[in-house]
Amino acid sequence: DYIDPELINEFRLPALQFEKTNKYTNFIPGTYSYKKFWDNELERVVEGYKIGDNYISGYNYNYWNYSRIKKVVPVIDKYGKLKYQRKEGFPNPFDYDKFYFDYLDEAENNGNHACVLKARGKGYSFKGASMLVRNYEFIPGSSSYVFVSDKNYLIKDGILNKAWYMMDFLEKTTPFAKRRIVNQDLHRKSGYTIIQDGVSTEMGYLSEIIGISIGDDPDKVRGKRGKLILFEEAGSFTHLQ
C-alpha cells in the first residue's frame with residue numbers, strides 16, 4: 001500500500017530533525033524525556049511504525065532515519081549549468097522502498113525466502129547494509145550474513161563498507177553504541193569478554209555481521225543460519241542454485 005503523501009514526512013521526523021540541527025533530539029541526556037525519546041525510537045526500528053492506516057516496517061524506519069547513503073542530487077555549477085553529483089544524506093522516501101521492505105517483512109513473518117530482480121544503481125546495496133546494521137544494533141544475539149561470489153562485493157565499495165559507515169554514524173549520533181569483541185573487515189561482533197577462573201566468556205549484546213566470499217565453493221555456507229542472509233550481487237554467482 002502507498003503511504004498518504006501528506007504523512008510521508010511524519011515517518012521521517014528523526015532524519016529531518018538531524019538535517020536541521022545535526023542531532024536527533026534536543027532533550028538532555030540522562031533526563032526522562034531523553035530516555036523516552038530513544039525508547040520510542042527503539043520500538044519503531046524493531047517493530048515498525050504505524051500512523052492511522054499507514055505502516056512501515058522496522059527495516060524501513062531504520063533505513064529512512066538512521067542510514068546515511070550516497071545519493072545523486074542536482075547541483076548548479078558556477079556557470080549556471082545543472083549537473084548531478086553524489087552526496088551523503090538520508091534516503092529520499094520512495095514508494096518502492098516501502099514496497100521492498102514490506103515484501104521482506106511479509107517473507108520473514110511467513111518463514112519464506114525473497115528474491116528481487118532489479119536494474120543496477122538503484123541503491124539496494126545501501127538497503128541491504130542498512131538491514132544488517134539494524135539487526136546488529138537493535139536485535140540482541142542476532143547473526144546477519146552476506147554471501148558473495150567475489151570478496152570485492154564486500155569491501156572497497158561493497159556492502160560491508162557501506163554497513164560499517166552506517167554503523168559508525170549511528171553509534172556516534174545515538175546512545176546505541178556497542179562494544180566489540182570482533183572488529184574486522186568482514187566480521188563485527190558486539191559484546192565483551194570476561195575471564196573468570198581462567199575461562200574466557202563472551203558477554204553482552206552478542207549480535208554480529210559476517211561477510212563470506214564463496215568463490216567456487218558453495219559448501220562454505222552450508223549450515224549457516226541467521227536473522228538475515230543476503231546474497232549480494234546474486235547474478236554473479238556461478239553456483240547460485
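Modeller: The second largest pocket has a volume of about 190 Å³ (the space filled by 1.4 Å probe spheres set on joined points of a 1 Å grid, the set being open, with protein on both sides within 12 Å along at least five of seven lines). Bear in mind that this is a predicted model, where local features need pLDDT of at least 70, side-chain atom pairs need 80 or more, and totals for chains, interfaces and linings use all residues. Numbering starts from 1 along each chain, and side-chain values use heavy atoms, without hydrogens or water.

Fourteen residues line the pocket (an atom within 4 Å of a point), and Ile214, Pro218, Val221, Phe231 and Leu240 are the ones nearest its centre. By type, the lining splits into eight nonpolar, four polar (Gly among them) and two charged residues.

Now for the sheet: it's open, with five strands in the order β6-β7-β10-β5-β11 and mixed pairing (strands are DSSP E runs of at least two residues, helices H or I runs of at least four; pairing takes at least two bridges). The edges belong to β6 (180-183) and β11 (228-231), and each has a single partner strand, so one side of each lacks a neighbour in the sheet. From one strand to the next, the twist averages 15 degrees (angles between N-to-C directions of C-alpha axes, from 0 to 180 degrees). Asn183 has Arg188 in β7 as its bridge partner. Packed on the sheet is helix α5 (residues 124-138), which touches β5 (143-148), β6, β7, β10 (208-213) and β11, and its direction makes about 160 degrees with that of β11 (contact: heavy atoms within 4.5 Å).

The structure also has 20 aromatic pairs (ring centres within 6.5 Å; planes under 30 degrees stacked, over 60 edge-to-face, the rest tilted). Phe138 and Phe176 have ring centres 5.0 Å apart and planes at 70 degrees, so they're edge-to-face. Phe138 sits in α5 and Phe176 in the loop between α6 (159-173) and β6, so the pair ties together parts 38 residues apart in sequence.

Strands β3 (residues 69-76) and β4 (residues 82-89) run antiparallel over eight bridges, with Ile69 partnered by Gly89. Five residues separate these strands, and Gly80 takes a positive phi near 80 degrees. Then β8 (residues 192-196) and β9 (residues 199-203) pair antiparallel over five bridges, Tyr192 standing opposite Met203. Their hairpin has two residues between the strands, and Asp197 in the turn has a positive phi of about 55 degrees.

Notes
Phe/Tyr/Trp six-rings, centres within 6.5 Å; stacked < 30°, edge-to-face > 60°.
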